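Below is a short briefing on one protein model. Please look at the sequence and the 3D view before reading the points.

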Amino acid sequence: MSILNQYANHLLEAYTNNPQGRYVSLLLVRRIESEAIFRTEGSGEAQNKEFVHAGLEDRSLIRRVVISKRKQTATERRTGRELLRRHDLLYEGESDEGLCALNTNNPCGKCVDCMVYGYAAGGGGAQKSRVITDDAFSLHPAAQVIDVRTFNAPYEDGTPWDPEEGRMTGLGEDEYVRPEAVFVEIETLKDVTMDELRYVLGNVLRTARYGAISSRIGKVKNHLVGVAFSDCELFSNLELTQAVYDRLRGEDDELDFPIPSEQIVQETRAAANELSQRVVGDVTWLSTDESETLVEEMIDLYSDKERSAAMLKRMEY
């Protein structure tokens, strides 16, 4: 029996268009495992950064790297759509111009991707996303986790020297986030069924690359460190990041870098529990053992092609 069966009253039995106010919050630690680039514009642009307070207690201003909300869910959404395509579970789009596809004004409005992550068709019809996200902020200040790398575009002889122009070409610089930088955050699901929760959680755990140039860099490890069921949203990514920063900083002026994953996970759980006590609503957290059991269940589910396919086919709208 799944650990989720014990919390079935917090989930829907079937999709409904009427809001029910049942929230599932996934507490995540995203750890960068290679160089990564999180920017809005094209090559050569700086990383996305914002000035914010360092912590809830430490009110000094620092600049943090930002992963925009769209850069997170768009990547995870594509992971899920690969799985749907493999099992022929993407349907004819509403404009009758081929199968359901992203960014083509041709959603089907029937697949689990459309119904969970949302869609809007130009000719009418829409589904609001039930995956609620926010910008994620680096735990450390940008100055600690950003470096610059020089790159070139060599010719076939292996050098960037252009003999016709008589000069070097293709040289440039990119800011990148250093390996072992950390982003802590909450990804919230609203009014989902048990299978929809498994689908979104599978997308999070199976997505391994984020940001620009993801075919070469951008390796990220997503750790599920907690799950909460509630009747309202909990707290923002920024508030969570600031609370974790305060706990890790202690009496020091700044954080060490890098910090062991186990320490970050422990303090993230403690910070989330503390913040949830200030939430005006009913909040139920899975225990640490239950969260770890849920991850093991997801590993077993997605390693079994027949079981995962059956789960996807149960979600009919």
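Predicted model: local features only at pLDDT ≥ 70, side-chain atom pairs only at ≥ 80, totals over all residues.

**Helix H7**

- Helix H7 is made of 16 residues, numbered 288-303.
- From first C-alpha to last, H7 reaches 23 Å, which is close to the 22 Å expected at 1.5 Å a residue.
- The buried residues of H7 are Glu290, Ser291, Leu294, Val295, Glu297, Met298, Leu301 and Tyr302.
- Seen down the helix axis, these buried residues fall within an arc of 160 degrees, so they line one face of H7.
- Asp289 and Ser303, on the other side of H7, are exposed.

**The largest pocket**

- The largest pocket holds about 670 Å³ of space.
- Its lining has 26 residues, and the closest to the centre of the pocket are Arg70, Arg77, Asn103, Tyr117 and Gly118.
- Helix H1, helix H2 (112-117) and strand S4 (119-120) each supply at least two residues of this lining.
- H1 gives the most to the lining of the largest pocket, with seven residues.
- Sorted by class, the lining of the largest pocket has ten nonpolar, nine polar and seven charged residues.

**The second largest pocket**

- The volume of the second largest pocket is about 330 Å³.
- There are 18 residues in the lining of the second largest pocket, and Leu205, Lys221, Asn222, Val295 and Ile299 lie nearest its centre.
- H4, S13 and H7 are the elements that give two or more residues to the lining of the second largest pocket.
- S13 gives the most to this lining, with six residues.
- By class, the lining of the second largest pocket has nine nonpolar, four polar and five charged residues.

**Residue Gln242**

- Gln242 is part of helix H5, which covers residues 237-249.
- Is Gln242 buried or exposed? Gln242 counts as buried because its relative accessibility is 7%, and buried means under 20%.
- Leaving aside residues up to four places away in sequence, Gln242 touches His53, Ala54, Gly55, Leu56 and Arg64.

Notes:
Residues numbered from 1 in each chain as written. Heavy atoms only, no water. Helix = DSSP H or I, 4+ residues; strand = E, 2+ residues; numbered from the N terminus. Buried < 20%, exposed > 50% of the residue type's maximum accessible area, 1.4 Å probe, protein only. Contact = heavy atoms within 4.5 Å. Expected span 1.5 Å × (residues − 1). Arc of directions from axis to C-beta. 1 Å grid on protein atoms, 1.4 Å probe; cavity = no way out; pocket = protein on both sides within 12 Å on 5 of 7 lines; lining within 4 Å. Points joined across faces, edges and corners; volume = space filled by probe spheres on them. Nonpolar A, V, L, I, M, F, W, Y, C, P; charged D, E, K, R; others polar.
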